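Hi,

Here is the structure I promised to pass on.

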Amino acid sequence: MNDVDAICEFVDTLMDDYSKTKKKSKTNFFKYFESAKFDRKTINEYVSDYSFTVTQQIKELDGALTGDKNLAEAYGQFNKSELRDFISMLQKFLEEANRYKDYKKITRRKKHKTPEQLVKGLHLIEESVIIEDVEYEPVDKTKIIDATSIFLVNVKTKDLLFLSGNKLSCSGAKITGYNPNISGVKKLKRITESINSVTTSNKLACQTIFENLPNKRRPSPKTVSPNYILLKVLA
């Protein structure tokens, strides 16, 4: 006897016992499945290919309860209260069989990417650059992951990009997790002075520093150009 046959035999015994005693089984059906250690394949096969017999039995009992002449005669040994209890017991069995089936589903754990994997598609300048006779070293782009605020400078257009949020991350060439209402781009005027104020800023003052820079704030770009160098990261 395989495991599916064992479940079918259990159901047959369950119905036979009720027919004899007219008393609902006190069996905890979920615990029955669990203690028998039926695997995922077994419970899936039973629910998909064999549980229809229980469903059919419930339909017949319901027909007898609602006055179908032939079914009422076939199940004449039961009064209406007993029919209701019989139906309730079988419905509970099916509910617990399906609950156990869901319980045995394979839960695939979501793979957590490393910072290196997350920033793989983000292409920034990764070597030192000279802007107005001052050399700047880029910050490692993996530091962006879980940071709260960052400053980047476009070495060609001299745009300053400020991104700030609760927890920044990356998806391809996009930096995600920033608040668009406080983040943005500004064209730098006094370039060296502005960059110095940015690189010496702290977590509390960084937004104020960005807001106080001259020129109008423009919306942050959807993707970050490879002409940007990461100059400041605030955790």
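A word on terms before the details: two strands pair if DSSP finds at least two bridges between them. Strands (E, at least two residues) and helices (H or I, at least four) are DSSP runs, numbered from the N terminus. Please keep in mind that this is a predicted model, where local features need pLDDT of at least 70, side-chain atom pairs count only at pLDDT 80 or more, and totals for chains, interfaces and linings use all residues. Residues are numbered from 1 along each chain as its sequence is written, and side-chain values use heavy atoms, with hydrogens and water left out.

I started with strand β3 (residues 149–154). Six of its six residues are buried, so the rest of the structure largely encloses β3. Buried here means under 20% relative accessible area, exposed means over 50%, and partly exposed is in between (1.4 Å probe, protein chains only). In a regular strand the side chains alternate between the two faces of the sheet. For β3, both faces are covered: S149, F151 and V153 are buried on one side, and I150, L152 and N154 on the other.

β3 runs antiparallel to β4 (residues 159–164), joined by five bridges, with V153 opposite L160. Six bridges link β3 to β8 (residues 228–234), also antiparallel, and N154 faces Y228 there.

Now for the backbone. Most residues other than glycine have a negative phi. In the β3–β4 hairpin, with four residues between the strands, K158 has a positive phi near 60°. D133 has a phi near 70° and is exposed, at 78% relative accessible area.

Best wishes
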